[in-house]
Amino acid sequence: MSKPFPLQTLLDMANSRMDDAARRLGELIANESEDCRKLEVLEDYRTEYQAKFAEALRNGIDPQAMRNYSLFIGKLDEAIIAQREVVAQSKERTAVGQKAWIDQRTKAKAFDALSKRHQVKEARDEHKREQRQSDEHASKQFRDRHSDE
């Protein structure tokens, strides 16, 4: 009869924590991608708006419209700077999440390795027990046969 792995609870907890960390990392990666996409949209819109402004300048524009274009481009620049900060923070959170997942995976692998060693030892011990029982049985049969003679 093999003994259960004494650290099974810890192995289960480590696997659960690794799964949670993987799920969280997936969310962080998705958030980072969305933040990057938003930045790209802002930068593209600024490029388009700047091109419209340049076209308006070539075609002649009144001072009020020029001021409005300039103010709006300034607001876009501020939004881009703010979104770049959001992206930087998101990348940092993703890196932390990745490290957390790697740490949890390392712990789970360590417990898993211990579990495998335990299983191998138990199988070896079980084989020895069976061999010993078989030897005892064969010895008993031999003695029984020879005691009748």
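Predicted model: local features only at pLDDT ≥ 70, side-chain atom pairs only at ≥ 80, totals over all residues.

Biologist: How are two packed helices described, and at what angle do helix α1 and helix α2 pack?

Modeller: Two packed helices are described by the angle between their axes and the distance between the axes. Axes are lines fitted to C-alpha atoms, for helices over the stretch in contact, and angles run from 0 to 180 degrees between N-to-C directions. Here helix α1, residues 8-59, and helix α2, residues 63-147, pack at about 160°, and their axes lie 7 Å apart. That angle makes α1 roughly antiparallel to α2, a term for angles over 145 degrees. The helices themselves are DSSP runs (H or I, at least four residues), numbered from the N terminus.

Biologist: Is the crossing of α1 and α2 left-handed or right-handed, and which kinds of residue make up the contact?

Modeller: A crossing is left-handed if the near helix is turned anticlockwise from the far one by less than a right angle; the crossing of α1 and α2 is of this left-handed kind. Their contact comprises 30 nonpolar, eleven polar and 14 charged residues. Ala, Val, Leu, Ile, Met, Phe, Trp, Tyr, Cys and Pro count as nonpolar, Asp, Glu, Lys and Arg as charged, and the others, Gly among them, as polar.

Biologist: Which residues form the largest nonpolar core?

Modeller: A nonpolar core is a set of buried Ala, Val, Leu, Ile, Met, Phe, Trp, Tyr and Cys residues joined through side-chain atoms within 4.5 Å. Buried means under 20% relative accessible area, exposed over 50%, and partly exposed in between (1.4 Å probe, protein chains only). The largest such core has six residues, namely Tyr49, Phe53, Ala56, Tyr69, Ile73 and Leu76. Each of α1 and α2 supplies at least two residues of this core. Contact means heavy atoms within 4.5 Å; with neighbours within four places in sequence left aside, Tyr69 is in contact with Tyr49, Lys52, Phe53, Ala56 and Ile61.

Biologist: Is Ser90 buried or exposed, and which residues does Ser90 touch?

Modeller: Ser90, in helix α2, is buried at 2% relative accessibility. Not counting residues up to four places away in sequence, Ser90 touches Leu28, Asn31, Glu32 and Asp35. Ser90 and Asp35 are 55 residues apart in sequence, yet their C-alpha atoms are 7.5 Å apart in space. Glu32, in helix α1, also counts as buried, at 17% relative accessibility. With residues up to four places away in sequence not counted, Glu32 touches Ser90, Lys91 and Thr94.

Biologist: Which residues are in contact with Arg93, and how far apart are Asp20 and Met66 in space?

Modeller: Arg93 lies in helix α2 and is partly exposed, at 40% relative accessibility. Leaving aside neighbours within four places in sequence, Arg93 is in contact with Leu28, Asp35 and Val86. Asp20, in helix α1, is partly exposed with a relative accessible area of 40%. Asp20 and Met66 are 46 residues apart in sequence and 53 Å apart in space, C-alpha to C-alpha.

Key
Residues numbered from 1 in each chain as written. Heavy atoms only, no water. Parallel < 35°, antiparallel > 145°, perpendicular 65-115°, else oblique.
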